[in-house]
Amino acid sequence: MRVIIASTTVPFVQGGGRLIVEWTAEALRAAGHEVEELYLPFPTDPRAVLPAIVGLRALPLADAADRLIAIRWPAHVIRHDNKATWFIHHYRELFDLWDSPYRALPADGEGVAYREALRRIDNLALGESADLFTNSLIVRDRVREFNGLEAEPLFPPLGGDTARFHTDSYGDFIFYPSRVTPIKRQLLAVQAMRYTTTPVRLVIAGSPDQAQFGADLVQVVREHHLENRVDLRLGWLSEADKVDLLARCLAVAYLPVDEDSYGYPSLEASHSAKAVITVSDSGGALEFVQDGVQGLVADPTPRSLAAAFDRLYEDRELAQAMGAASERRRAELRIEWPHVVRRLLGEEDR
Amino acid sequence: MKILVANNVAPFVRGGAELLADRLILELRKAGHEAELLRLPLGRTPEQMLDAITAAALLDVVNVDRVIGLKFPAYLIPHPNTVIWLVHQLRQVYDPPPVGWGPGTGFSPVATAARRADQAAFTQARRLYAISPMVADRVRRTNGVNATVLMTPPHADQQFRTAPPEDFVVALGRLSAGKRQLLAVQAMRHARPGYRLVVAGAPDSPEALAQIEREIEAAGTGDRVELIPRFVSEDEKLDLLSRCAASVYLPVDEDSYGYVCYEAAMSRKPSITASDSGGTLTLVHHLHTGIVAAPDPESVARAMDDLVLHPEVAREMGQRAEQCAVGLDLSWHRVIRELTR
Amino acid sequence: MRVALVMPLASASAIADVTLQALPYLKRAWDLEIWCPSEVGLRDAAAPVHAYHEADSEVLAALEGFDLAVYVLGDSPWHGRILPLARALPGLVILHDASLTGLVRHSAVDRNEMAGLVEHVAAMYGSWQAAVIASGRDLDRARWLQFCAEVPLDDYVIEGSLGVVVHSRWHAERVDGRTLGSVTVADLPVPTRSGAAIDDAARMRELLGAVPDGDLLLVTVGSVNPNRHIDVLLDAVASDPSLASRVHVWAVGLAEPGDAEDLRAHAEQVGLADRFAITGWVSDAVLDGILARADAGAALRNPVLEGQSASVLTQMLAGIPVIVYDQAHYAELPDDAVIKVAPAAGAPAIAAALRDIADGQHAGLGARAREHVLATRSGQRYADAIIEAGERALAARPHVTMTYRVAARLRRLGLGDDEGIVGRVVDHTFELYDLA
């Protein structure tokens with residue numbers, strides 16, 4: 001088939017948003033299809049959004065391919081008779097973040113009018129889709145709530161050469177690989193290390209997106225004399241190093257606040273047959289990890305998290321068993337490209 | 001700088017302009033810029049084309065320092081710092097039929113809108129360049145604006161070489177009606193004895209090859225024409241050029257200077273081209289760097305005869321041809337400098 | 001919500017008066033500041049007031065800092081320095097006049113924007129109309145007023161607005177479709193009666209002394225213009241000896257010398273020279289005194305250039321029977337509170353109405369008129385309508401802003417008037433935004 005994947009971007013901002021498009025294109029090509037990836041610049045300011053949506057709507061792609069896959073808001077506005085939307089999230093500042101400090105506009109008549117205009121457009125464009133998918137159950141629920149539409153959860157796998165992941169051992173450290181930023185709560189992991197009773201260690205790896213947060217982590221480590229037990233690798237980590245740490249760690253920690261999907265670190269853990277330690281308010285990660293099965297779900301407090309770290313340190317067999325379950329979890333949830341490709345193309349795949 | 005290169009996309013079709021855009025991105029990055037490619041569809045029907053113009057007009061580009069626009073309607077996108085490197089306009093709007101739409105075809109609204117938009121975009125652009133003198137001429141005639149010629153550098157970075165001329169004239173390039181290798185083959189009916197024509201290149205279509213084979217059969221020039229109807233590697237090509245007496249390249253109204261002429265010149269060999277070959281006249285100056293023949297077999301034959309029979313003249317022409325080619329400064333370094341200043 | 005109320009505060013502006021009546025109630029809902037063109041002798045207002053000299057970029061920048069700008073506009077020079085702001089920064093427009101031709105032209109001359117205005121008029125109305133605008137009043141007064149009715153230029157004033165407040169359903173229908181926002185109808189308050197004691201007793205005696213007891217005093221209130229049909233009133237009175245012998249006709253208000261001369265000549269011609277007077281400007285107190293004595297009023301307008309008539313409301317509030325033409329916003333007044341005559345019926349019908357009044361046929365009318373005004377006109381009600389219009393204006397902003405930006409983008413490429421492109425844009429926009 002000839003497939004166009006249409007996505008929106010902010011030029012020169014390399015977010016994880018592009019990976020899903022690139023990997024999906026790769027998987028489609030591997031399955032023998034011709035793929036064009038189109039990245040359309042799209043503004044973020046609410047006042048610029050409405051006119052730009054008219055522009056997207058005008059794009060003449062309706063008969064340019066057999067199937068159009070729209071990924072990232074509001075690519076689904078593009079017209080095509082055989083359109084699949086893989087919905088990642090709404091224009092969050094006016095929807096699920098309405099009751100938060102991130103709301104884009106005042107909660108007055110104007111803000112409400114913007115929201116309703118966008119809701120109407122989403123209803124129209126999502127409703128036109130021949131197939132409607134979300135990347136998580138959380139987002140499926142939001143689409144139900146905000147748009148009254150039923151979407152099918154379709155979980156995004158890791159792309160690239162996943163054969164590089166392997167398992168060497170279940171060592172003595174918890175590994176937390178992720179962008180270092182307050183919302184990922186590396187600070188919580190570091191604080192937990194004050195309360196562990198076993199020699200378990202913690203390795204944090206990733207680039208801080210705010211220098212201050214990185215400095216805060218360093219400070220807490222120093223303050224509580226955790227230098228021997230907490231390894232802060234702040235900065236760019238090579239893929240090879242990351243794969244190696246995954247292969248040797250005891251388990252992976254992933255502690256975001258209320259994220260709307262399970263995140264790639266969960267999958268990296270799975271590919272490395274490692275358990276995932278997360279917390280009860282992490283959101284989408286709970287769609288991947290069930291407490292005691294693929295990993296542990298602690299309360300979002302340093303002491304509860306410390307107990308989880310200790311427990312795995314003391315019970316390597318448990319760590320290994322849950323690691324194996326974590327590995328199996330992908331198949332259970334059909335987090336695999338052949339399934340994703342078939343569904344994105346509108347084929348049945350029971 | 002953060003630079004967005006704006007080009008068209010005809011989904012699932014890759015052509016010269018796509019290669020150019022990709023190469024431009026690469027070279028921009030090599031020069032230390034951040035560069036991304038934006039591709040916009042043009043559409044086919046009048047309604048789709050009006051939509052394409054609308055989509056370009058309403059595209060809101062943030063976080064970009066400069067836009068380099070290559071084709072219609074991509075270069076229409078709004079940005080205060082736009083440089084247009086015109087590969088070509090929408091020729092159907094400006095050329096007479098059969099290329100142009102002409103009146104009463106349902107495309108008139110597109111032509112109207114395109115003219116207005118072009119006028120506005122060309123005037124508002126910070127600078128306007130054209131990839132060839134032909135394109136620059138056209139845009140001056142149709143839109144009354146001046147474009148600086150900034151030619152596209154050749155594809156690959158090649159190692160040219162020169163050797164003493166052997167007894168053949170070489171015709172390179174994909175075999176097609178538009179490139180008129182047939183004309184060179186027909187010329188061999190009238191050529192003086194003592195040399196052969198080597199035609200080397202993959203046929204664009206079975207018919208293109210069949211025509212040439214029929215001509216050779218009918219004219220009985222099988223012993224004077226060596227036909228290599230397949231893809232020719234860079235190495236093979238450069239080898240043929242280094243040893244030929246001359247290169248013959250006779251396209252109809254080519255837009256650019258012709259990579260074949262450039263390669264022959266860099267191999268210090270004279271080129272034969274036709275008076276209606278268009279852009280090749282940039283490098284092939286009659287009796288200076290080569291011969292510009294009338295587009296008929298006898299004239300082409302005389303040109304080939306002259307260069308084969310007078311190797312000293314040919315050698316001098318070849319040297320001047322190389323100087324001419326070098327003088328064009330067809331380097332990516334120059335292109336990037338112009339587009340990013 | 002921070003609101004900038006851009007209005008005139010000149011003491012002589014009746015529009016300033018009625019707007020200020022809403023102020024105490026507007027302040028309860030809004031964090032409000034008044035921005036007014038500077039004049040000698042500004043009214044007091046119970047809100048922070050910023051007076052500005054020129055409608056320049058500084059004022060505009062300040063207004064942009066508010067959540068909403070509300071512009072009060074009427075067809076008079078008091079609003080000359082408000083109009084440019086309304087056109088530059090979309091907001092809620094409170095529109096008092098149906099025709100704004102005078103204001104628009106005056107402002108364009110002032111700001112050197114005639115070329116743009118002439119182009120607009122040519123496109124919206126026609127080339128002859130554009131020529132008239134370009135050259136100024138080439139027409140006589142009556143024809144000029146007719147022109148103002150036909151070429152009201154309200155489109156020029158409210159295109160790009162977030163919404164409009166008008167003061168009659170008739171006016172609402174006229175502006176329908178000229179704003180992308182909503183049109184709200186508000187009941188116009190009656191200009192405040194100052195309630196001051198008669199300040200010019202001598203003048204009062206002099207004037208009223210001319211009307212013997214038992215004679216009928218018929219008044220018109222407000223500036224004397226050819227569209228007030230005072231000549232028709234005179235004809236009506238003159239046509240019937242029973243009226244001609246008892247009725248005095250007073251035009252209470254300012255008149256331009258030309259208009260005054262014409263009317264006096266007309267009165268002379270029909271034999272009413274000594275029963276007709278033009279009082280010129282009178283103070284509130286004197287006006288009250290005259291209205292107290294008046295037996296009847298007339299508010300005949302043709303063509304109708306205002307959105308609502310403060311003068312008819314003032315007369316109704318005074319409890320006198322008022323004769324009006326049954327058209328435009330006058331038709332919306334209750335049938336049992338005013339006397340409506342068909343414009344085509346002319347002097348004979350007016351004469352008949354006057355006879356009815358003289359015969360006591362409309363005994364309770366005046367009282368009902370007063371009741372109606374008291375029941376429906378108040379600062380509070382006015383403020384309520386404006387506040388609701390403000391909410392609607394906010395809700396219209398996304399859509400108006402979107403339309404503005406799309407239009408600007410198209411204009412940038414010379415495609416603002418391109419039929420092919422505009423057609424596609426309208427199709428897509430309608431589908432996405434459900435522009436009903």
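This is a predicted model: local features need pLDDT of at least 70, side-chain atom pairs count only at pLDDT 80 or more; totals for chains, interfaces and linings use all residues.
Chain A forms an interface with chain B, to which chain A contributes 22 residues and chain B contributes 23 residues. On the side of chain A that touches chain B, at least two residues each are supplied by the strands β1 (2-9) and β2 (34-41) and by helix α2. The largest share of this side, 6 residues, comes from α2(A). Classified by residue type, the side of chain A that touches chain B comprises 18 nonpolar, 1 polar and 3 charged residues.

Chain A is also in contact with chain C, with 16 residues of chain A facing 19 residues of chain C. Two helices of chain A, α2 (46-58) and α3 (109-128), each provide at least two residues of the side that touches chain C. Here the largest share, 8 residues, is drawn from α3(A). The side of chain A that touches chain C consists of 10 nonpolar, 1 polar and 5 charged residues.

Within chain C, helix α10 (residues 201-209) packs against helix α14 (residues 284-293) at an angle of about 30 degrees, and the two axes are 10 Å apart. Because angles under 35 degrees count as roughly parallel, α10(C) is classed as roughly parallel to α14(C). The crossing of α10(C) and α14(C) is right-handed. From α10(C), the contact involves C:Arg203, C:Met204, C:Leu207 and C:Leu208, and from α14(C) it involves C:Val286, C:Gly289, C:Ile290 and C:Arg293. By class, the contact of α10(C) with α14(C) contains 5 nonpolar, 1 polar and 2 charged residues.

In soluble globular proteins, nonpolar side chains tend to be buried together. The largest nonpolar core of the model contains 179 residues, of which B:Ile53, B:Trp85, B:Leu86 and B:Met304 touch the most other members. Helix α2 (residues 46-58) of chain B gives the most to this core, with 8 residues. When residues up to four places away in sequence are not counted, B:Trp85 touches B:Ile68, B:Leu70, B:Tyr129, B:Ile131, B:Leu150 and B:Leu339.

Notes
Residues are numbered from 1 along each chain as its sequence is written. Chains are lettered from A and ligands numbered from 1 in the order in which they are written. Two residues are in contact if their C-beta atoms, placed from the backbone, lie within 7 Å. Helices (H or I, at least four residues) and strands (E, at least two) are DSSP runs, numbered from the N terminus. Ala, Val, Leu, Ile, Met, Phe, Trp, Tyr, Cys and Pro count as nonpolar, Asp, Glu, Lys and Arg as charged, and the others, Gly among them, as polar. Axes are lines fitted to C-alpha atoms, for helices over the stretch in contact, and angles run from 0 to 180 degrees between N-to-C directions. Angles under 35 degrees count as roughly parallel, over 145 as roughly antiparallel, 65 to 115 as roughly perpendicular and the rest as oblique. A crossing is left-handed if the near helix is turned anticlockwise from the far one by less than a right angle, and right-handed if clockwise. A nonpolar core is a set of buried Ala, Val, Leu, Ile, Met, Phe, Trp, Tyr and Cys residues joined through C-beta atoms within 7 Å. A residue is buried if 20 or more other C-beta atoms lie within 10 Å of its own, exposed if 12 or fewer, and partly exposed in between; C-beta atoms are placed from the backbone.
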